[in-house]
Amino acid sequence: MTHTFFTLQQNVYKADHEPITVEDVDENSVSFLALQRIIDSAPGASVGVAAAYRPDCSLSSLAFATLTRVLVIHFFAANKQNPQQQQKKKKKGQEPQPPVSRGRILIQDRILCNIGIKLYGYRIDRIALALFRDFSLRINGAVDVLSVSTSDRRSLQAIMNALGGEVSLRKDNVKTLFAHREGEGAAKDVALQAWAAHRAATLDDMALRFAAIHRIDTDTMLEMHLSALAKISRDAEMLESSKPTKVVNNVKADFSSKKGNVNLECTRYSTRIMKSKTQVIHIETLNGDKRSTITGRAERINGKQAHINVQGVANPSGKVLSVTTFGKEDLTAAESNREDVVLKALQGTITLTDHPFFCSIWAPSLSISWPPLNASTASFVYYPNGELNDSQYSAVERIISQANSDRVLLIQGPPGTGKTTVIAASVNSMISSGPMERTVWLVAQSNVAVKNIAEKLDKVGFRNFKLLVSKDFHYDWHEHLYERLEHCFIRSDLFGGGTVYH
């Protein structure tokens, strides 16, 4: 790649700003002078940072920005040979570390870990972990600008809040800039994202808010800890990237409309319309011989019924030809919580290595201190209404064991080997032969998996349990699956906000 310069005019803030000089290079062309030009142009030693990513979620480009300059650096993909790479020696039993080129070392020493520079960026937690995972690079003094907002981190409102508020911003341009895009225009986008982060940091009212945010310093974190966070984050990104951006929704042709809302009835659970803050619904209708497309958002979902707030049409009519949802679905509660935990761990507000469950999975070589068990006596295997083979019996013994080495277990069994039987026997043993106050939580990756466990417990005569089920899954869609479990059934909309008692 050649070393190029171009000029960029910002369109994010309403106020006028002078043109921005953008220096565009690959990692082998990075020079001391190019990095020094960024440092010299940084008022208050604050630098904006942004990144672009490949389809495999690895980091492809990094931009450093001040008010007048941006340096965009493009990195070689892992499957392309870089002549300057120096392969790190690996110790026995360790995964090989990503190779480090002279350009990467220069970037880390002059910018990323320069204690005299303050870095500001959008989703800088992801940037910090990608730098470590993909390039073995660390970062110091990084501020996640989204942390000043109380809105959902993935929302447009959070970005607007982080950049100074709607009064000073061109909302449509901000939305376009921070939309996920790859390929053509990526260099300009990442340059302007970094510039916007720096501009926000120079605003007087925002500077005070940013000063209160805990900084991310991966240069002081243990490699074992950082490797775990990087893998957790990358796995989550890969799963998110696999989510479809377009879904054809199966609905009935007839619909009703009232006061700017279109009411549709979905006919297939897997393609149902879902409530979302970001997705857009396109409804193609036929009225006589006239086709038209209505655009809107899912405002309310109740079972199969989807209430779409449409734009520009007061009372549409006719028949539905097709309904399509554009955009990725919102993060689930679990996905949002995982992202939040990773951010807090990077910011140092929580220490994951203080949690024995985390250590037993990600850092088993550490000395793990488990809290004492409340039970004074151990349970024994008790499964009067069924039989266990030797393998199943051994698994149940380990599950109900009070040994610290058995606090976290992974039991693997191909289909048909009796995993559900092992779960039922373990629950029966813990409750029937353990202390009276003992309770057990059983969770699984899907509502159906939990239902299957509940049916097994019911079948063997153990009925002292409650089954918690998502309303979205149950109401209107799968009520027939739970007829024999009505005695223990609680739907999610009936949970309430208080403590759940057994």
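Mentor: Let's begin with residue classes: Ala, Val, Leu, Ile, Met, Phe, Trp, Tyr, Cys and Pro count as nonpolar, Asp, Glu, Lys and Arg as charged, and the others, including Gly, as polar. This is a predicted model, in which local features need pLDDT of at least 70 and side-chain atom pairs pLDDT 80 or more, while totals for chains, interfaces and linings use all residues. Residues are numbered from 1 along each chain as its sequence is written, and side-chain values use heavy atoms, without hydrogens or water.

Trainee: How many helices and strands are in the protein?

Mentor: The protein has 14 helices and 16 strands. Both are DSSP runs numbered from the N terminus: helices (H or I) of at least four residues, strands (E) of at least two. The C-alpha trace spans about 75 × 75 × 45 Å along its principal axes.

Trainee: How many cavities of 30 Å³ or more does the structure hold?

Mentor: Rolling a probe the size of a water molecule over the atoms shows where empty space is left. A cavity is a set of points on a 1 Å grid where a 1.4 Å probe fits but cannot get out, and lining residues have an atom within 4 Å of a point; its volume is the space filled by probe spheres on those points. Here there is 1 cavity of 30 Å³ or more, with about 190 Å³ of space in the largest cavity. It is lined by 14 residues, and the closest to its centre are Arg-123, Arg-154, Ser-233, Ala-236 and Glu-339.

Trainee: Which element gives the largest share of that lining?

Mentor: Helix 8 does, with 5 residues. Helix 3 (124-135), helix 8 (223-241) and helix 9 (333-347) each give two or more. By class, the lining divides into 5 nonpolar, 1 polar and 8 charged residues.

Trainee: Which residues does Glu-339 meet in salt bridges?

Mentor: A salt bridge puts a side-chain nitrogen of Lys or Arg within 4 Å of a carboxyl oxygen of Asp or Glu. Glu-339 pairs with Arg-123 at 3.5 Å, N to O. Glu-339 lies in helix 9 and Arg-123 in the loop between strand 6 (118-121) and helix 3, so this pair ties together parts 216 residues apart in sequence. Glu-339 also bridges to Arg-154, with the closest N and O atoms 2.6 Å apart.

Trainee: Is Glu-339 buried or exposed?

Mentor: Buried means under 20% relative accessible area, exposed over 50%, and partly exposed in between (1.4 Å probe, protein chains only). Glu-339 is buried because its relative accessibility is 15%, whereas Arg-154, at 25%, is partly exposed.

How values were computed. 1 Å grid on protein atoms, 1.4 Å probe; cavity = no way out; pocket = protein on both sides within 12 Å on 5 of 7 lines; lining within 4 Å.
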